[in-house]
Amino acid sequence: IPPNWHETGLWFGMTTPTDRNNEPACIGLFEDLPEPSAQQVQQSQASKAIKRSQGAPRVLQPNRLQIELRASDLESLLAPDHRARLVWGYVERQDLSKLIEAIKARGSTAGRAAIDPRILFALWLYATLQGVGSGRELARLSQEHDAYRWICGGVSVNYHALNDFRAGNETLMDDLLTDNVAALAAAGAIRLERVAQDGMRVRADAGAASFRRQASLDEHLKEASELVHTLKTQAQKEPGLAQRRSQAAHLRAAQEREERIQQALKQLPEVAATKKRNGSKTEARTSTTDADARVMKMGDGGFRPAFNVQFATTCGEQVIVGMDVVKAGSDMAQLSPMVSQVEQRLRQSPKEWLVDGGFPAHEQLDTVADKTEVYAPVPEHKLKTDTQKDTNNNDQANAVQQDKHQPKAGDSDAVAQWRVRMGSEEAKEIYKQRAATAECVNAQARNRGLLRMPVRGLAKVKSVVGLFVLAHNLMRMAVLAPQIVGWGRGPSAMAAEAA
């Protein structure tokens, strides 16, 4: 390597590696390269001088604070097979006449025009499919995200209107579920050959420390009542506008707390009766935050305030045909009510009903015996011990275990038939579909955000669960009967995505 290689300008940006003796470590690697001539060195130095004389290089740098005005329409923002279009096509075909009739702004009467209920419904359906469960987050997305902006179509929404719609339409969600499953049945998209039912515990929006006993509730109610009386007296003595608004807010909060405590006191007898029926000796407690919430055993083995969400799903198509929210932590009494609900929705009962071991109470099997055949695991018999004496005159216990699939003394006809039926190989094969159906639906609901209730009160919780059910069935419609949601009769990209 030439001794002056670093001065020739041919090795820009390179550093010279050295060895332990501080000598160039690359000597010998490029011995065959010719030494640059004096003319080449002179040209290189002249080129550097010219560039320095021309000034600093010019580059285009990003300016992210610059305001841009783009001419575009909302319709061109989404692809023809976008999921938001599927949601809107579904919402347009739903009967929301009750909500529209309740709007007070009509004709030339005073008042601001109301937001179209179809916009609020479509926003929540699409948000549920995307796993968005916050009203404030949804209001933000309606201004920033193209899909939500397309659904709004220029209409401004706020989180108060969004939350009120989600929490206050329990009856609407139930009616729409009935209409949807009836339409699918009429189109031949679902068959009630086999239905699987399962319950899952969903965390309630109530803290564990909010559960109190009778004496504590009475004390808190007395304090809340005194606070309400004091705030009312102050509001009458101080007429200032700003102060009145502040006092009104404090008074409203105190009254709401007083009402929640009263509701908790009303729920105490029901909780006490349940504990007595279950043989529990602990004193009954209810929550001052959400009186309808109950402490339940969760999937991880812990105990937390929760609601028991029940789904009934067709095994072949995985369409939810029945849903309910109950305050009981056990599934033992939920079989018969769900069978009756599905029968009421579709005017017929499924031929076979699959449940897990927490459902088949004997009285429940007797109630649904004339409607459907129940497939559920038969519990093991308790071991009976016969005490006998052997040849050495020593007592020993001989466990005598009976076949659990044989009828027992005192069994009704329905219970006896259930035991015998579950002993066959055919029943075992049928029962395998329970987990593949029910657990899959539960997992999809949790993946969409059904982990903790965002509202309080049983009626509001049912409205939220109804949204998850309608969102799930909407995606199944896109596969089974796309014409019902206005998605055409042939295969589409959305149908493939939903599958």
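Trainee: Is Thr 314 buried or exposed?

Mentor: Relative accessible area decides that, and the cut-off for buried is under 20%. Thr 314 has a relative accessible area of 0%, so it counts as buried. Keep in mind throughout that this is a predicted model.

Trainee: In which element is Thr 314 found, and which residues is it in contact with once neighbours within four places in sequence are left aside?

Mentor: Thr 314 belongs to strand E5, residues 303–314. Its contacts, with those neighbours left aside, are Arg 191, Leu 192, Arg 194, Val 195, Val 319, Val 321 and Thr 437. Thr 437 is itself among the buried residues of helix H14.

Trainee: How many residues of the protein's 499 are buried, as a percentage?

Mentor: Buried residues account for 40% of the 499. The fold contains 16 helices and 10 strands. Of the contacts between residues at least 6 apart in sequence, 67% join residues at least 24 apart.

Trainee: Which residues of H14 are buried?

Mentor: An α-helix has 3.6 residues a turn, so residues three or four places apart point the same way. In H14 the buried positions are Ala 427, Ile 430, Arg 434, Thr 437, Ala 438, Val 441, Asn 442 and Ala 445. Just after the helix, Gly 449 has a positive phi of about 110°.

Trainee: How many of the 13 residues of H4 are buried?

Mentor: In H4, 12 of the 13 residues are buried, so the helix is largely enclosed by the rest of the structure. The buried residues include Phe 121, Trp 124 and Tyr 126. Just after H4, Gly 131 takes a positive phi of about 80°.

Trainee: How many aromatic pairs does the count come to?

Mentor: A pair of aromatic rings is described by the distance of the centres and the angle of the planes. The count here comes to 3 aromatic pairs. In one of them, the rings of Tyr 90 and Phe 121 have centres 6.5 Å apart and planes at 55°, so the pair is tilted. Tyr 90 is in helix H2 (residues 83–92) and Phe 121 in helix H4 (residues 117–129), so this pair ties together parts 31 residues apart in sequence. Tyr 90 is buried at a relative accessible area of 1%, and Phe 121 is buried at 0%.

Trainee: What kind of aromatic pair do Tyr 126 and Tyr 148 form?

Mentor: Tyr 126 and Tyr 148 form an edge-to-face pair, 5.0 Å from centre to centre with 75° between the planes. Tyr 126 lies in helix H4 and Tyr 148 in helix H6 (residues 146–152), 22 residues apart, and the pair links distant parts of the chain. Both tyrosines are buried. As for clusters, Tyr 90, Phe 121 and Phe 165 form one.

Trainee: Over which ring does the charged end of Arg 136 sit?

Mentor: The charged end of Arg 136 sits over the ring of Tyr 159, 3.9 Å from its centre. Likewise, the charged end of Arg 421 sits over the ring of Tyr 375, 5.4 Å from its centre.

Trainee: With which side chain does the side chain of Glu 270 make a polar contact?

Mentor: Glu 270 is in helix H10, residues 241–277, and counts as partly exposed at 38% relative accessibility. Its side chain makes a polar contact with the side chain of Lys 327 at 3.5 Å. Not counting residues up to four places away in sequence, Glu 270 touches Arg 294 and Lys 327.

Trainee: What is phi for Gln 318 and Arg 347?

Mentor: Most residues other than glycine have a negative phi. Gln 318 is not a glycine, yet has a positive phi of about 55°; Arg 347, also a residue other than glycine, has phi near 60°. Gln 318 is in the loop between E5 and strand E6, and at 18% relative accessibility counts as buried. Arg 347 is in the loop between helix H11 and strand E7, and at 69% counts as exposed.

Key:
Residues numbered from 1 in each chain as written. Predicted model: local features only at pLDDT ≥ 70, side-chain atom pairs only at ≥ 80, totals over all residues. Heavy atoms only, no water. Helix = DSSP H or I, 4+ residues; strand = E, 2+ residues; numbered from the N terminus. Buried < 20%, exposed > 50% of the residue type's maximum accessible area, 1.4 Å probe, protein only. Contact = heavy atoms within 4.5 Å. Polar contact = N/O pair within 3.5 Å; in protein donor to acceptor, adjacent residues only side chain to side chain. Phe/Tyr/Trp six-rings, centres within 6.5 Å; stacked < 30°, edge-to-face > 60°. Lys NZ or Arg CZ within 6 Å of the ring centre and 35° of its normal.
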